[in-house]
Amino acid sequence: MKIIFLFIDGVGLREPAADNPVNAEVCPALCRLLSRHATPIDACLCMDGLPQSATGQATMFTGVNAPVFMGRHCEGFPGPSLRKKIEEGNLFMSLKKRGKSICFADAYLIDDAAELAARRFKSVTTVMALTTPEVIATADDLADDQAVMQDLTRETIQDRYPDIPVITPEDAAAHLFALARTHDFTLYEFFQTDIAGHSMDYARACSVLRTYDRFLAALLRYVEAAGILLVMTSDHGNVESMNEQGHTRNPVPFVAFGPKEAEVRAGVKSLVDVTPVVLKYI
Ligand SMILES: [Zn+2]
């Protein structure tokens with residue numbers, strides 16, 4: 001079964017509240033998906049304190065409880081021991097071993113993978129992508145619509161790449177869907193939600209969520225017609241609580257939309273279960 005995996009950073013589940021922009025007026029497609037096709041899962045992973053990106057994402061993409069492995073929640077970019085853990089085994093490596101075709105749709109503004117490997121700070125997904133470098137998409141791929149920018153519309157790169165045109169969120173969905181049709185597994189990471197959550201700027205959070213929602217609404221129509229399984233989850237809460245600057249301990253959604261969706265959701269209780277369930281159903 002073909003799978004498209006939407007990793008949306010910093011989106012937890014919380015009751016409606018005046019400071020929660022994840023509501024049906026701002027992002028109707030996302031809210032419909034969360035109410036009908038999601039199960040709440042644990043992102044705290046048996047560890048006190050606020051869940052963080054490095055350990056949350058490492059857990060999501062390795063199936064190892066990274067906060068327990070590290071003894072704490074680790075922020076931002078993984079350090080040497082967590083990087084090593086990701087390099088020993090991760091979702092991309094497991095898919096490759098099984099002969100599955102993988103697409104990491106996010107474009108890196110680089111010429112080749114060596115340039116990426118030389119970067120000092122690498123996200124979990126970058127460390128993972130470098131273990132299967134053939135999945136890495138470059139600025140040239142973006143220019144050919146064979147990748148999707150992390151902001152969806154490319155507006156943030158117009159100063160550097162004026163020749164790569166701005167697109168609509170719906171165009172971004174079409175580009176991502178074209179990639180998903182030709183690969184067994186396609187990952188798209190969106191982290192503007194986490195950045196907006198940290199900003200404590202409610203209007204900014206609404207703007208980011210509205211853009212993502214337009215993309216999501218279009219993508220859902222495509223994947224439903226094609227019978228592709230869409231999976232979505234987050235590494236920790238944040239944007240659903242705009243009165244707090246940091247992350248939250250709220251559960252995060254695990255969405256499965258498409259073939260066998262109820263069965264897929266049933267086995268997932270925390271971020272530890274995400275990689276195993278993808279490998280089970282692909
Ligand atoms: Zn964050």
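Me: Which residues does Leu-230 touch, not counting residues up to four places away in sequence?

Reply: Leu-230 touches Ile-4, Leu-6, Val-223, Phe-257 and Gly-258, a contact being two C-beta atoms, placed from the backbone, within 7 Å. This is a predicted model, where local features need pLDDT of at least 70, side-chain atom pairs count only at pLDDT 80 or more, and totals for chains, interfaces and linings use all residues. Residues are numbered from 1 along each chain as its sequence is written.

Me: Which residues touch the most other members of the largest nonpolar core?

Reply: Leu-230 again, along with Phe-5, Ala-105, Val-148, Leu-176 and Val-231, in a core of 83 residues. Its largest share, nine residues, comes from H11. Core members are buried Ala, Val, Leu, Ile, Met, Phe, Trp, Tyr and Cys joined through C-beta atoms within 7 Å (buried: 20 or more other C-beta atoms within 10 Å of a residue's own).

Me: Why is H1 called oblique to H11?

Reply: The axes of H1 (residues 28-37) and H11 (residues 202-226) cross at roughly 60°. Angles under 35 degrees are roughly parallel, over 145 roughly antiparallel, 65 to 115 roughly perpendicular, and the rest oblique. So H1 is oblique to H11. On the H1 side, the contact is made by Pro-28, Ala-29 and Leu-30.

Conventions: Axes fitted to C-alpha atoms, helices over the stretch in contact; angles between N-to-C directions. Helix = DSSP H or I, 4+ residues; strand = E, 2+ residues; numbered from the N terminus. Buried ≥ 20, exposed ≤ 12 C-beta atoms within 10 Å, placed from the backbone.
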